[in-house]
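I have put them as numbered points.

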Amino acid sequence: MNRHPFTFPSPDEYEPYYEAYLMLLPEGDILNILEAQLRETLALLRGLSEAQAAFAYAPGKWSIKEVIGHIIDTERVFAYRGLCFARGDSTPLPGFEQDDYVLGAEFNARSTESLAGEFE
């Protein structure tokens, strides 16, 4: 596979809101970076007990399981949006209310391994 180093996008290629996140990106081959992050995240998740993964530090705050579920949901939403862009679909893109999605998913009822597998 022919890989290219990550090139920071120009300001007209992203919304200003995302600049703080983009500034956190390390330099290097972005695919290698993402692969390493996946391995590290999966090792972290798979090292947690079910109680640790379901723990929320305060009422109304998300547990680790809910955070992972939110990442999975968000990936699906953005994949759909990417498909719409790629196909030239001019239908308005739906938003999603992250708190409602997490509440309706019952991620804490799932095993950590199940979520890690889906995340992977």
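This is a predicted model: local features need pLDDT of at least 70, side-chain atom pairs count only at pLDDT 80 or more; totals for chains, interfaces and linings use all residues.

Which residues of α2 meet which residues of α6?

1. On the α2 side the residues are L38, T41, L42, L45 and R46, and they meet T112, E113, A116, G117 and F119 in α6. Sorted by class, this contact has five nonpolar, three polar and two charged residues.

2. The axes of α2 and α6 are 9 Å apart, and the two helices pack at an angle of about 170°. Angles over 145 degrees count as roughly antiparallel, so α2 is roughly antiparallel to α6.

3. A step back for the overall layout: the protein has six helices and zero strands. Along the sequence the pattern reads α-α-α-α-α-α. The C-alpha trace spans about 45 × 35 × 25 Å along its principal axes.

4. Helix α6 (112-119) also packs with α4 (64-86). The axes of α4 and α6 come within 10 Å and cross at roughly 25°, and the two helices are therefore roughly parallel to each other. The crossing is left-handed. From α4 the contact takes K65, I68, I71, I72 and R76, while α6 brings T112, L115, E118 and F119. In this contact of α4 with α6 there are five nonpolar, one polar and three charged residues.

5. Next comes α4 with α5 (residues 98-105), whose axes are 10 Å apart at an angle of about 115°. Here the crossing is right-handed. Residues E66, H70, D73 and V77 of α4 meet Q98, Y101 and V102 of α5. The contact divides into three nonpolar, two polar and two charged residues.

6. The largest pocket has a volume of about 960 Å³. It is lined by 19 residues, and Y18, Y21, L25, T74 and E75 are the closest to its centre. Two or more lining residues come from each of α1 (19-22), α2 (30-46) and α4. Helix α4 gives the largest share, five residues. By class, the lining of this largest pocket counts 14 nonpolar, four polar and one charged residues.

7. The second largest pocket has a volume of about 390 Å³. Of its 15 lining residues, L38, T41, I71, E75 and F119 are the closest to the centre. Helices α2, α4 and α6 each supply at least two residues of this lining, and the largest share, six residues, comes from α2. The class count for the second largest pocket is 10 nonpolar, two polar and three charged residues.

Conventions
Residues are numbered from 1 along each chain as its sequence is written. Side-chain values use heavy atoms; hydrogens and water are left out. On a 1 Å grid over the protein atoms alone, a cavity is a set of points where a 1.4 Å probe fits but cannot get out, and a pocket is an open set with protein on both sides within 12 Å along at least five of seven lines; lining residues have an atom within 4 Å of a point. Grid points are joined across faces, edges and corners, and a volume is the space filled by probe spheres set on the points. Helices (H or I, at least four residues) and strands (E, at least two) are DSSP runs, numbered from the N terminus. Ala, Val, Leu, Ile, Met, Phe, Trp, Tyr, Cys and Pro count as nonpolar, Asp, Glu, Lys and Arg as charged, and the others, Gly among them, as polar. Axes are lines fitted to C-alpha atoms, for helices over the stretch in contact, and angles run from 0 to 180 degrees between N-to-C directions. Angles under 35 degrees count as roughly parallel, over 145 as roughly antiparallel, 65 to 115 as roughly perpendicular and the rest as oblique. A crossing is left-handed if the near helix is turned anticlockwise from the far one by less than a right angle, and right-handed if clockwise. Contact means heavy atoms within 4.5 Å.
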